[in-house]
Amino acid sequence: MQPQTLRGARIFRGALDPAAQQALLTDLRGVQQQAPLFSPETRWGRKMSVQMTSAGKYGWYSDRRGYRYEPRHPGGQPWPPIPGAVLDLWRVLTGLERQPDCCLINFYGEAARMGLHQDRDEADFSWPVMSVSLGDDGLFRIGNEARGGKTESIWLQSGDVLLLTGPSRMLHHGVDRIRFGSSSLLANGGRINLTCRVVD
Ligand code: MD3
Ligand code: FE
C-alpha cells in the first residue's frame with residue numbers, strides 16, 4: 001500500500017478492512033476485561049478526558065507524580081498481552097524484529113480531546129511509533145518538533161494506521177475533536193486509538 005504522508009508521518013488509509021476492525025475490537029474487549037479503562041490524572045490533578053488502558057510489558061500512566069510507564073494496571077495486575085493482530089501489523093509496517101513494549105488504548109467519548117504534546121516518556125526515540133484508529137473520525141493535528149509554529153490537521157478514520165519514524169517521531173501532535181456517531185463500528189459511538197511504542 002502507498003501511504004499518504006503528512007510532515008513525514010506515513011498514513012495508511014484503510015489499512016484494516018471492516019472485518020479486521022471487528023476482529024481487533026473483539027481482541028480489545030478481552031484486554032479491557034482484564035485491564036479496565038481508567039481516566040488518568042495529569043500532574044496538575046486534572047482528570048484527562050480520554051479514558052485509557054494498555055497491553056504489553058508496560059502501560060502508559062499518569063498521576064500527580066507525572067507521566068511514566070508502569071508494569072502494572074492501577075488495579076495491581078500485569079497488563080494483558082498485546083493482541084497478535086496488532087503485533088502482526090507492527091511487524092509488517094515497521095519491518096522490525098523488535099516488538100513494541102506497550103500498546104496504549106485510548107478511548108475518546110464525544111467530548112474527549114488530547115492537547116498538543118510530544119511522546120517523550122520512552123528511553124530511545126529512534127524506534128518508530130504506530131497508531132491505529134477505530135470507530136468515529138478524529139481530527140488529528142500535527143505540528144513541529146519545537147513548541148509553536150504552524151500545524152496541519154487531518155481527519156483519521158476507522159481502519160487508518162499511522163507510522164511515525166525518523167524526525168516525525170518527535171513532532172507535537174494531538175486530537176482536537178471527535179465526529180461523534182460518524183462510524184457504526186462501536187455500538188455506543190466514540191473513537192479508539194491504539195498507540196504502540198518501544199519503551200526501554
Ligand atoms: C505523531 N494519541 O497516546 S495517535 C498518544 O489519537 C497520542 O489517541 C493520539 O498522541 C490519539 O500519545 C494520536 C497518533 C500519533 C502517535 C504518536 C505520535 C501521532 C504521533 C508521535 C509523534 C508524532
Ligand atoms: Fe502522543
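This is a predicted model: local features need pLDDT of at least 70, side-chain atom pairs count only at pLDDT 80 or more; totals for chains, interfaces and linings use all residues.
Which strand is Asn193 found in? I looked: it's strand β13, residues 191–197.

**Confidence.** I checked the scores before going on. The protein chain averages a pLDDT of 97, and 100% of the residues score at least 70. For the complex, the predictor gives an ipTM of 0.96 and a pTM of 0.97.

Is Asn193 buried or exposed? I found 23 C-beta neighbours inside 10 Å, so Asn193 counts as buried. Leaving aside residues within four places in sequence, Asn193 is in contact with Asn106, Ser131, Val132 and Ser133.

Arg197 lies in strand β13 too. Arg197 has 24 C-beta neighbours inside 10 Å, so I put it down as buried. Not counting residues up to four places away in sequence, its contacts are Pro100, Asp101, Cys102, Asp119, Glu122 and Val129.

**The other annotated trio.** The unreviewed UniProt entry also puts "binding site" at His117, Asp119 and His173. These span 57 residues in sequence, but no two of their C-alpha atoms are more than 8.7 Å apart, so they gather at one spot.

I took His117 next, and found it in strand β7, residues 114–117. His117 counts as exposed because it has 12 C-beta neighbours inside 10 Å. Beyond four places in sequence, His117 touches His172 and Gly174.

Asp119 sits in the loop between β7 and β8. With 18 C-beta neighbours inside 10 Å, Asp119 is partly exposed. Its contacts, again skipping neighbours within four places in sequence, are Val129 and Arg197.

How values were computed. Residues are numbered from 1 along each chain as its sequence is written. Chains are lettered from A and ligands numbered from 1 in the order in which they are written. Helices (H or I, at least four residues) and strands (E, at least two) are DSSP runs, numbered from the N terminus. A residue is buried if 20 or more other C-beta atoms lie within 10 Å of its own, exposed if 12 or fewer, and partly exposed in between; C-beta atoms are placed from the backbone. Two residues are in contact if their C-beta atoms, placed from the backbone, lie within 7 Å. pLDDT is the predictor's confidence in each residue, from 0 to 100. UniProt positions are given in the numbering used here, feature names are shortened, and annotations may be inferred rather than shown by experiment.
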